[in-house]
Structure formats: C-alpha cells, structure tokens
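Thanks for asking me to look this one over. Please keep the model open beside these notes while you read.

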Amino acid sequence: MSESQTAGMFSGRESEGLVLVVDDESDVRKVVRMTLEKSGYDVVEAEDGEKAIEEIKKGENSILLNLIITDIRMPNMNGIDVINYYKKEWPSVPIIVLTGFPDVEMSTTMLQHGVSDYLVKPVESEKLRASVAKALEQREVRGF
Amino acid sequence: MSNQDRTTVVILGAGKGGTALLELFTRLPGVEIAGIADQDASAPALQHASQLGIPITQDLVSLISLQGINLIVNVTGDPHLDLLVAAHKHPETEVLGGSASKVLWDFVQHASQIQSQLFQTEKLAGMGTFASGIAHDINNPLYILLAFAENILEETDDPRIHEQVRSIIEAGKRIQGICQNITRYARATNTDNAIAVEVNEKLDEALNIARYATTLQDLTIVKSFGEHVEVLVNPGELFQVLVNLMTNAIQAMEGKGTLTLSTSCENGVGKISIADTGSGIPTENLEKIFDPFFTTKPLGQGTGLGLHNVKTIIKKYRGELRVESKVGKGTTFSIELPRSPK
Ligand SMILES: Nc1ncnc2c1ncn2[C@@H]1O[C@H](COP(=O)(O)OP(=O)(O)O)[C@@H](O)[C@H]1O
Ligand SMILES: [Mg+2]
C-alpha cells in the first residue's frame, strides 16, 4: 500500500510471482501485463489455452507458475471447459477469470468450480492488483 | 363446389370485426374465403382482402346468394341484414350472425392480443442474449481504453494531460454504466427468490433505464429517500415495477416536468411513491388502468401490460398499490411492501 513498499517492489530483484495471461485480444494481454509488471509480477502471455501450455513448458520450470488470468470465451474453447483445461494441467494454480461477460450465473458456476475470482472488464487496475494479491495469498495459506 | 374437409366462407362487414376474421381465416388451412362485402367502399378489410387476392364487393346480395357457400359470417352489427341474408342464401348455407359472430370476433381479438403479449415476452428474453453479447463486445475494447488511460495517469505528472485523461476515463465509465444498465434490465425478466432489497438503490437504477422513455428530457428529479429502506422481494421484479411506473410517469409528462421519488419505512413496511406532474388520469380510466391491454398510447408505444404486471408483482408479495390522480395536475403511485425481517 505505502509508497515505500511499492518502491521496494520495483527495486528488488525478486519477482512477486509468475502470472500467465490468456486472452485472444493482444491489447487486453498488454494492458494486464502493464498493470501487473508495475506491481512486480512477471507475466507470460498466450492467446489461448493450448498456446499457454506450450508457452509455459517452453520456460525452464513450469512449476514456478503462480497464477492464471484468463478469459472464458475463446475461439476454440468456452466457459467451464477452459477452467477444466487448466486444472488438468496445473491442478494447484489459482485461476482468475477476466471476461467481458457480466453474467451472474456464470460467475457463480465458476466460483463453485474453484475459480478464485470472476472479474468483469473493464476492471480498474487497483481492483485487478488486489484480486491477484488475494489469489496468491489464499494459495499460500492453502498450499504450502 | 364445396368438399367435406374445406369450408367455404363469406364475410359480411369489413370493419374491425371483418379485419380480425379475415386475418384468422387466411391463417386456417381448412377455410377458404369466397369473398368479403361491405356497403362502405373504404372499409379497412376490403383493401386488405384485395391485396390478398380475395374477391371484394359492395353488393352484399350477390355474395350472399353465391353457390357452394358453407358459411356466412355477418359482422356488420346491422340487425336488418339478418333478414336479407335469410331471404337470399341457399338453403344449405349456414349463417353465423348476431351475438354469435360478436363472440367469435371477440375471441379472435383476444387471441391476437395474447399473441402480441407472447411476442413481447420473447422479445425481452431475446434481448437478454442480445444484450450480453453486446456487453461482451463493448467491454473488451472499453477495458483496453480505460486501462491505458489509467496507465497514462500513473506515468505522467503533467496536470493538463491529467485533466484530459480524466475526461477520457469519465466518458468510458459512462459507457460502462449504460452497458450495465442494459444487461441488468434484460436480466430483470429472469426470476429468482425474494431477498432483502435496498429500495433506494433500485430506484436509481430504474431511473437510469426509464429516462430513455422520451427523447425530450427536461426533467427535474426530486428524491426524498428514507434511510435503509429494505423490502423483501425479487430484485428483478421490483426493478420491473419501478421501471414501469417511472416510464409511465415520464411519458405522461412528455419528458418535461417534475418526478418525485420518495421512500420511507414504518412498522415493518417499506413505502415507495412515484409522483409526476403529467397529464393525470381521468376518473373513468382509473378503474381500467390495471387491466391487461388497457392503453391510451398509440400502437407501438403502449402495450397496456405495464400496470398489469406491476399489480401482479405487488400482489404476489402481499403489498399494496394505490394511485391518486388529477387531470392536468399529475399522478402519484404508492407502493407498500413488507420489510425484510431483520
Ligand atoms: N403516470 C401516469 N400518468 C398518466 N396516465 C398514466 C400513468 N400511468 C399509467 N397511465 C395510464 O394507464 C395506461 C396503462 O398503463 P400501462 O399498463 O403501463 O400501459 P402502457 O404504458 O403500455 O399504456 C396508460 O396508457 C395511461 O393511459
Ligand atoms: Mg407503461
């Protein structure tokens, strides 16, 4: 929150975590990257689920993936299938849905399926950062 | 020549009744219309029939005396015509006239009104899908726009740029608000259970939609809200009630006047009133305004279902609905709904 803490994040070498951003629109990915990099996260982009897995496996250690932020309406996969797809590959990585669909039912289903947040675009940078921090916190409490 | 599974019919009278029957009969596969007659050459159904290729005439007797007619339907409402029909028709031709044809005509009109009501519901349901599709397509670019704008704010100190970017963000937020309103209204037709609903918030939301009822907007909005007025309803249904009442109020003022929204709570009852300075409702109409399909608005603008729905919903929650009105002064609708048990 405080100025000094933020400054610390910037100067510190250590990453706050590795976030995978999946959206078919490149400017959306760019905007999320921009927002998160300012808070010290590392970001990997992919335009769909398949490419995401490729992209992460390409990196040295896919174990380091901390969080997935994803749209749920994409050219070759939709809705809950998207979530299951990631769960199969990375069962313990938290997922935040970031979508243009303000759908109450969908968000309830998603949260029931263990998604850690359902954010509707346009989301304010502060809100996105808070949601990311919360997802990572919860994971620490649950997992390690 | 008539055969057994086809009925050949002629229609006498081309006014409202004739129009309704013409529409019905052309849709029935077992009925063939041999002709329609009216002494008045400008009667509406005559023109309609000639477009459909159905024989029309002003000479009633020639049509009545045609061979091979199974049924003559007389919707002229003229009692003398029954005698004329009896004198000229073939012995095997049956006649539907007098109050029997009136009942048939009423029935046909009723059926077509129900159909338009169904159409309305379908349109709303369809609008739900449509609206969420649009919302998605708007929200993506809107996010890009707003997030880049926010980023510029974070990265520059120039006050002039700050001011301009703030305006961009405000405009973007307005688009976001409109988008949310559309989806919310479209969703309002889906029902779920009653919950404690904050009335003041719902009034504001409903006003955002009802404002679109007229193009001319010179409204003064007066709000006199009590604190924490909660009622136990389905939020979507309460929303529908408020949008309907406000739309009527704004239409009655033709976009110009004062709309007063008040809320309060007393003894476990939440009270809402919506008052306008519009045309008012004549006493003779006060009884009828809650009837389904009662409307004084031109075709395409009024369905006459708004207040009927309002009444049905309020009744469902055991609430009270009252109206006070003075022609030329304005109208106040008041609602009382049980407050949620705390
Ligand atoms: N606030 C109002 N001021 C004047 N007349 C009203 C008002 N509300 C309702 N009415 C009258 O009641 C009729 C029925 O209203 P409603 O059931 O909402 O149907 P609709 O608005 O489609 O006509 C209206 O056509 C109008 O004549
Ligand atoms: Mg109405």
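The points below go from conventions and chains to cores, helices, a cavity and some backbone details.

1. Conventions. This is a predicted model, in which local features need pLDDT of at least 70 and side-chain atom pairs count only at pLDDT 80 or more, while totals for chains, interfaces and linings use all residues. Residues are numbered from 1 along each chain as its sequence is written, chains are lettered from A and ligands numbered from 1 in the order in which they are written, and side-chain values use heavy atoms, with hydrogens and water left out.

2. Chain A. Chain A has 6 helices and 7 strands; helices are DSSP runs of H or I with at least four residues, strands are E runs of at least two, and both are numbered from the N terminus. Starting at the N terminus, the order is α-β-α-β-α-β-β-β-α-β-α-β-α. Of its 144 residues, 45% are buried, where buried means under 20% relative accessible area, exposed over 50%, and partly exposed in between, with a 1.4 Å probe and protein chains only. For contacts (heavy atoms within 4.5 Å), 63% of those in chain A between residues at least 6 apart in sequence join residues at least 24 apart.

3. Chain B. Here you will find 10 helices and 12 strands. Buried residues account for 38% of the 342 in this chain. Among its contacts with a separation of 6 or more, 68% come from residues 24 or more positions apart.

4. The nonpolar cores. A nonpolar core is a set of buried Ala, Val, Leu, Ile, Met, Phe, Trp, Tyr and Cys residues joined through side-chain atoms within 4.5 Å. The largest has 36 residues, and Leu238(B), Met246(B) and Ile274(B) touch the most other members. Several elements of chain B supply at least two residues each, including helix H7 (199-210), strand E9 (256-266) and strand E12 (330-338). The biggest share, 9 residues, comes from H8(B). Leaving out neighbours within four places in sequence, Met246(B) contacts Leu203(B), Ala206(B), Leu207(B), Ala210(B), Leu261(B) and Ile274(B). A second, separate core holds 23 residues, among them Leu20(A), Ile53(A), Ile72(A) and Met110(A).

5. Helix H2 (residues 26-37) of chain A has 12 residues and reaches 16 Å from first C-alpha to last, close to the 16 Å expected at 1.5 Å a residue; the expected span is 1.5 Å times one less than the number of residues. Its buried residues include Val28(A), Val31(A), Val32(A) and Thr35(A). An α-helix has 3.6 residues a turn, so residues three or four places apart point the same way. Helix H1 (residues 16-27) of chain B also passes: its end C-alpha atoms are 17 Å apart, which agrees with the 16 Å its 12 residues should span. In H1(B), Gly17(B), Gly18(B), Ala20(B), Leu21(B), Leu22(B) and Phe25(B) are buried.

6. A contact between the chains. Which residues does Asn151(B) touch, not counting those up to four places away in sequence? They are Met34(A) and Lys38(A). Asn151(B) sits in helix H5 (residues 98-155) of chain B and counts as buried because its relative accessibility is 9%.

7. The largest cavity. A cavity is a set of points, on a 1 Å grid over the protein atoms alone, where a 1.4 Å probe fits but cannot get out; lining residues have an atom within 4 Å of a point. Points are joined across faces, edges and corners, and the volume is the space filled by probe spheres set on them. The largest cavity has a volume of about 50 Å³. Its lining includes Asp48(A), Met74(A), Val82(A) and Tyr86(A). Helix H3 (49-58) and helix H4 (80-89) of chain A each give two or more residues to that lining, and H4(A) gives the most, with 3.

8. Backbone details. Most residues other than glycine have a negative phi, and most peptide bonds are trans. The bond from Lys121(A) to Pro122(A) is cis, with omega near -5°, and Pro122(A) lies in the loop between strand E7 (117-120) and helix H6 (125-143) of chain A. His228(B) has a positive phi near 45° and is exposed at 55% relative accessible area. Arg318(B) has a positive phi of about 55° and is exposed at 75%.

Methods:
1 Å grid on protein atoms, 1.4 Å probe; cavity = no way out; pocket = protein on both sides within 12 Å on 5 of 7 lines; lining within 4 Å.
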